[in-house]
Amino acid sequence: MEKSIKQNYIKEIAETKSISIAAEQLGISQPALSTYLKKIEGELGTVLFDRSRQPLELTEAGRVYLEYLERDAALQKELVQNLTDINGLKTGKVTVGGASFFNIAYLPGTVARFAAEYPGVNVSIVDGKVPELVTMAQKGLLDLFITPIANEPERFVYQELLEEKVFLAVPEEWEINSKLTGKAVTGKGRVKFLTKEEFASLCKETFIVLQPNQDIGRKMEALFDKFGCQPARTITAEQTMTSLNLTMAGVGVSLITESSIRNCGLAKLPKLYMADAAICTRKMYVAYPRNKYLSNAAEKFIQILEETN
């Protein structure tokens, strides 16, 4: 417990670069955190943060110490995993990472079934962007994570979870839908793709886009490049669910995945269209580090994840 507190405190100061902000985030007083930091530095006989710089920066000793705490936490986690396996999954913990939308779309059914079958194993779900999750998994802070990107096979094992279509979502009340008669996806019959002219007509409207470093953001940019047009106006959102809700409110066109439709309990849907077969298809993977111990609990979680998606 003491090592966990040290890691949380030192990590929070390092991330916020401020003792006062870190104290606020941790829910303790600034004097208490300052006293605790001085106590740790006194025990170590070295300074962990350069107070002459604003914002604060880790010293070389501070970087080494924080790396030690993270490695120690990973070893403690591995120890618990091994003991869990010995105990036949009667106790333990699985830590799963994913973007907020992935966790909403893919995990509820899996967690419900896993909790029912292994009631003694706790599940911790971490929200984060893929680069953050990659770093956390490599440090042993995550057992596994969900990702649409499988570009580091030398470091991670990628198991295909599913393949899904990505639709253009258009507010149902928009007049332009009358010009696209017969192209809306209905689930019946063959999918009819939008023509270049039809996509260009949509580009006269507002589009809701994600950042280009996000998978859905890259797909939207790829569509603009393929059809050779840019929207009259864009609104940038951080999360897929935000963009979808904006579409539902009649704000603009967005991209929505099959899993959004299947798993997110939408009372009604916008009009859905397919623009391009290659761009508007993606694979999702469950990934975990090659060089880290994968517990039986994590293996069981992956198995249920594949079966429920």
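**Close-up views of the model**

**Figure 1. The largest cavity holds about 50 Å³ of space.** The model is a predicted one, in which local features need pLDDT of at least 70, side-chain atom pairs count only at pLDDT 80 or more, and totals for chains, interfaces and linings use all residues. Residues are numbered from 1 along each chain as its sequence is written, and side-chain values use heavy atoms, with hydrogens and water left out. A cavity is a set of points, on a 1 Å grid over the protein atoms alone, where a 1.4 Å probe fits but cannot get out; lining residues have an atom within 4 Å of a point. Grid points are joined across faces, edges and corners, and the volume is the space filled by probe spheres set on the points. One cavity of 30 Å³ or more is counted by this rule. The lining of the largest cavity is made up of Pro 171, Glu 172, Glu 173, Thr 247, Met 248, Lys 268, Leu 269 and Pro 270. Sorted by class, these are four nonpolar, one polar and three charged residues. Here Ala, Val, Leu, Ile, Met, Phe, Trp, Tyr, Cys and Pro count as nonpolar, Asp, Glu, Lys and Arg as charged, and the others, Gly among them, as polar.

**Figure 2. Overview of the chain, with 12 helices and 11 strands.** Helices (H or I, at least four residues) and strands (E, at least two) are DSSP runs, numbered from the N terminus. Taken along the principal axes, the box filled by the C-alpha atoms is roughly 75 × 50 × 35 Å. The chain has 309 residues, of which 46% count as buried; buried means under 20% relative accessible area, exposed over 50%, and partly exposed in between (1.4 Å probe, protein chains only). A contact is a pair with heavy atoms within 4.5 Å. Among contacts with a separation of 6 or more, 74% come from residues 24 or more positions apart.

**Figure 3. Helix α10 (residues 240-248) and its buried residues.** Thr 240, Met 241, Ser 243, Leu 244 and Thr 247 are buried in this helix. These residues sit on the same side of α10, because they cover an arc of only 160° around the axis; the arc is that of the directions from the helix axis to the C-beta atoms. Their packing partners are α5 (100-106), β6 (156-170), β7 (206-210), α9 (215-227), β8 (233-237) and β9 (254-257). After α10 comes Gly 250, with a positive phi near 85°.

**Figure 4. Helix α7 (residues 130-138) and the strands it packs against.** Val 130, Leu 133, Val 134 and Ala 137 are the buried residues of α7. Down the helix axis they fall within an arc of 105°, so they line one face of α7. An α-helix has 3.6 residues a turn, so residues three or four places apart point the same way. The buried residues of α7 pack against β3 (92-98), β4 (121-127), β5 (144-147), β6 and β11 (281-289). Gly 140, just after the helix, takes a positive phi of about 85°.

Figure 5. Lys 17 counts as partly exposed, at 37% relative accessibility. Gly 27, with a positive phi near 75°, follows α2.

**Figure 6. The cis peptide bond between Gln 54 and Pro 55.** Omega of this bond is about 0°. Pro 55 belongs to the loop between β1 (49-50) and β2 (57-58).

**Figure 7. Tyr 65 in helix α4 (residues 60-86).** Tyr 65 is buried, at a relative accessible area of 10%. Its C-alpha lies 9.1 Å from that of Ile 10, a residue 55 positions away in sequence.

**Figure 8. Cysteines in a structure with zero disulfides.** A disulfide is counted where two cysteine sulfur atoms lie within 2.5 Å. Cys 280 is in no disulfide, and the nearest cysteine sulfur, that of Cys 203, is 13 Å away. Cys 280 is buried, with a relative accessible area of 2%. Cys 229 also counts as buried, at 15% relative accessibility.

Notes
On a 1 Å grid over the protein atoms alone, a cavity is a set of points where a 1.4 Å probe fits but cannot get out, and a pocket is an open set with protein on both sides within 12 Å along at least five of seven lines; lining residues have an atom within 4 Å of a point.
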